[in-house]
Amino acid sequence: MFTADRVREVTEAVKPPFRALFLYGSHARADAREDSDVDILQVTLTHAAPYAVGRVNVTCYTLEQLLRLARQGGLFARHLVEEALPLADPHDVLGALKSAYVRPLDYHGVKREVCGCAPLLDVADPQFNENADGLSSLVSYLIRTYLYATAFDRQAKSFAMGHVLDLLGQERASSILSNVRSHHSIPAFAAARTFFEELTGTICQRKEGSLEAFVVNASAHNELAMILGLRLLARGRPFTYDALLDVEF
Amino acid sequence: MERLAFIGDIHGDSVRLSALLGNIDSRRLVFLGDYVDRGPNSPEVVEILMEVANRKTNPVFLFGNHEVALLAFLSGKLSFLEYAWMGGLSTIRSYIGKASEDVRSELAAAMPRSHREFLSNCKPFFETDQLVASHAGINPAYPESREFGEIVLGRYPSLFRGNFRLNKLVICGHYLQTTLRPFAENGVTCLNTGCGTIEGPLTALLYPEMTFLQA
């Protein structure tokens with residue numbers, strides 16, 4: 001149960017300023033386990049990187065970004081529109097999102113994009129160790145997105161992962177996802193990657209000789225692969241426009 | 001007074017560039033930079049500009065931050081990630097087609113030397129007694145400054161409030177006008193109307209008439 005004290009505690013963890021704050025995920029659905037993280041959406045005034053404070057994960061989007069996602073009918077927008085609970089929303093951002101949201105006919109396009117990301121998981125062990133956190137998060141994200149897309153094409157009722165896995169008969173994904181998210185190890189990653197290949201019918205093999213080359217080619221037709229590829233290359237470092245100002249000419 | 005046409009950010013949209021140039025009468029052309037990145041056909045844009053350089057009378061080509069970024073990437077001063085984040089992937093793709101491994105080397109090999117030389121020879125600003133034109137405008141705190149890092153790479157949103165002392169019109173691109181209309185108030189005219197980025201038009205300012213053309 002998300003009590004008033006808990007709301008205050010979470011709100012205090014958020015770095016101001018914000019236009020609105022929402023709780024989403026298992027705590028918003030009231031089906032959280034003892035060890036579940038708290039997922040917060042912070043609607044920011046300008047672009048900002050996600051951050052975590054203890055068990056509170058804060059995802060940051062501007063209103064303009066959210067409205068674009070809502071108009072595109074993406075899964076994250078659906079998640080918010082159907083399940084988010086306002087912790088602070090004086091300008092009725094949630095109402096604006098609900099008005100802007102366009103539900104797609106199906107999620108075939110999302111699944112195609114996720115399958116197109118398979119080459120991002122083609123890494124040897126030494127490369128994995130250089131970016132264990134990023135690759136573990138990536139494989140987890142791709143599996144979950146594919147499962148959600150498949151489940152909503154089969155009339156899933158909520159984003160509760162237990163419900164999604166029941167519906168799809170994929171209960172074993174639960175331990176695979178749990179392992180890769182908590183251990184960030186090569187065996188956990190390899191097991192998740194194998195599961196991803198079986199789930200999607202893809203092979204995690206990159207034809208290009210570098211991640212950069214893959215990102216260039218993917219950018220022509222797969223925005224998700226481009227963005228996730230750039231994030232992998234960034235390894236958590238924020239990019240700022242000021243980089244150009246540091247160049248000497 | 002010399003008759004001029006200032007042309008805003010093009011960003012790889014060669015179709016709009018050709019259309020706009022076809023509608024401008026005979027006068028000196030001043031391009032405000034950002035010829036490459038984001039849009040679909042940066043090489044074709046550079047080809048058209050090189051043709052303009054050969055056929056028109058004394059045109060002026062100013063640097064935009066995206067030309068600087070492309071040249072910096074080619075010379076190894078800017079990382080792939082930084083250039084990609086600025087919208088360079090479309091430029092890389094449109095020059096090399098399919099990438100295979102070392103993107104920087106492949107781009108350097110595929111890009112005609114003439115293109116690189118043309119972009120390298122851009123100017124930081126254009127100035128007369130009545131106006132100053134540069135990609136990023138001027139730093140309102142130092143309106144007399146013509147430092148490269150300020151007038152080409154800077155970012156001064158407060159410029160649009162006109163809070164600077166300079167007895168000249170400031171003409172710039174760079175600052176995206178999401179209304180798709182040029183900004184012209186407080187002694188500042190901004191011509192970045194989203195060409196090649198948000199499917200906006202390409203805009204030209206005819207001077208001294210102070211009228212706009214769009215394609």
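Hi everyone, this is a short tour of a sheet in chain B and of the contact between chains B and A.

A word on the basis: this is a predicted model, where local features need pLDDT of at least 70 and side-chain atom pairs count only at pLDDT 80 or more, while totals for chains, interfaces and linings use all residues. Residues are numbered from 1 along each chain as its sequence is written, chains are lettered from A and ligands numbered from 1 in the order in which they are written, and side-chain values use heavy atoms, leaving out hydrogens and water.

Let's start with the sheet. In chain B, five strands make an open, mixed sheet in the order S3-S2-S1-S9-S10. Strands here are DSSP runs of E, at least two residues, and helices are runs of H or I, at least four, numbered from the N terminus; two strands pair if DSSP finds at least two bridges between them. S3 (60–61) and S10 (211–214) of chain B each have a single partner strand, so one side of each lacks a neighbour in the sheet. S9(B), residues 203–207, runs antiparallel to S10(B), with four bridges joining them. Leu206(B) sits opposite Thr211(B) in S10(B).

Now, the partner chain. How many residues does each chain bring to the contact? Chain B brings 26 and chain A brings 24, with contact meaning heavy atoms within 4.5 Å. In chain B, the elements giving two or more residues to the side touching chain A are helices H3 (65–74), H4 (80–96) and H7 (148–151). H4(B) gives the most, nine residues.
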